[in-house]
Amino acid sequence: VESIIAVSPKLAQSVYEAIFAHDEKSEESTCLGSSAILPLRSTRRQDFHSNYYALKEAYANFLSSSVPYAVGALINILFHYINRRHSYWGRKQEIHNFQFQGQDTKVTTDGSDSWDRGDVYQRDEPIEMLNDFETYLKSISGDISDAPARKALLLAVCNNKSPAVLWRRILRVAASFPDTLGMEIKELIW
């Protein structure tokens, strides 16, 4: 996917979204190699899930090279992940509208106040990608001169209906960087 990211970030976003939208459940056996001495076996589910790992490994580069497409992909991936792993205990997800930096912005409840803490889900690929998002945001929040990069990232989040967990992470980083990101999002607390 690295070569796709370099040539067409929009296509890379589509690849991320298509792969993470699919949940392969088949336990049908597959062969790894053709050794007669040590035949290795896998399943279709395991084979497909290796794509999740490969895309997760490339995500930090995708984010640093193409913020709008990488953020758009992450948002869609998180929605699939939340619906698959954290169905919010059967409660309906609510959409809340608010104004941020002059834009109509939407956030969706996702129950992340209970599952986005601790180590239980930290090895799930979408959460590792969310951690990459947070790490990237921290990396551009330490210096006032990185304001355009922060603005681009916040704009990408605002341009999409986003799960609450994304805003949770933004607020957490803003609390650590009150003189830069904290000041830029202060309108959220007024």
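## Salt bridges

In this predicted model, Lys56 is buried, with a relative accessible area of 8%. Its side chain meets that of Glu57 in a salt bridge with an N to O distance of 2.4 Å. Glu57, by contrast, is partly exposed, because its relative accessible area of 46% falls between the limits of 20% and 50%. The total for the model comes to 12 salt bridges.

A further salt bridge joins the side chains of Asp124 and Arg85, at 2.9 Å from N to O. Asp124 belongs to the loop between helix H5 (112-115) and H6, whereas Arg85 belongs to helix H4 (residues 67-85), so this pair ties together parts that are 39 residues apart in sequence. Asp124 is buried at a relative accessible area of 14%, while Arg85 is partly exposed at 43%.

Arg169 and Asp116 also form a salt bridge through their side chains, with 2.7 Å between N and O. This pair links distant parts of the chain, 53 residues apart: Arg169 lies in helix H8 (residues 164-176) and Asp116 in the loop between H5 and H6. Both Arg169 and Asp116 are buried. The two residues take part in a network of salt bridges that also includes Glu134, Lys138, Arg168 and Arg172.

## Packing of helices H6 and H7

Helix H6 (residues 125-139) packs against helix H7 (residues 147-158) at an angle of about 145 degrees, and their axes are 9 Å apart. The crossing of H6 past H7 is left-handed. H6 contributes Phe133, Tyr136 and Leu137 to the contact, and H7 contributes Ala149, Leu153 and Val157. By class, the contact residues comprise 6 nonpolar, no polar and no charged.

## The open sheet

An open sheet with mixed pairing is formed by 3 strands in the order E3-E4-E5. Strands E3 (95-100) and E5 (162-163) stand at the edges; each has a single partner strand, so one side of each is left without a neighbour in the sheet. Strand E4 (residues 103-108) runs parallel to E5 and is joined to E5 by 2 bridges. Val107 stands opposite Ser162 of E5. Helix H7 lies across E3, E4 and E5, and runs at about 65 degrees to E4.

## The loop between E3 and E4

Gln101 is located in the loop between E3 and E4. Although Gln101 is not a glycine, its phi is positive, at about 50 degrees. With a relative accessibility of 31%, Gln101 counts as partly exposed.

How values were computed:
Residues are numbered from 1 along each chain as its sequence is written. This is a predicted model: local features need pLDDT of at least 70, side-chain atom pairs count only at pLDDT 80 or more; totals for chains, interfaces and linings use all residues. Side-chain values use heavy atoms; hydrogens and water are left out. Axes are lines fitted to C-alpha atoms, for helices over the stretch in contact, and angles run from 0 to 180 degrees between N-to-C directions. Helices (H or I, at least four residues) and strands (E, at least two) are DSSP runs, numbered from the N terminus. A crossing is left-handed if the near helix is turned anticlockwise from the far one by less than a right angle, and right-handed if clockwise. Contact means heavy atoms within 4.5 Å. Ala, Val, Leu, Ile, Met, Phe, Trp, Tyr, Cys and Pro count as nonpolar, Asp, Glu, Lys and Arg as charged, and the others, Gly among them, as polar. Two strands pair if DSSP finds at least two bridges between them. Buried means under 20% relative accessible area, exposed over 50%, partly exposed in between (1.4 Å probe, protein chains only). A salt bridge is a side-chain nitrogen of Lys or Arg within 4 Å of a carboxyl oxygen of Asp or Glu.
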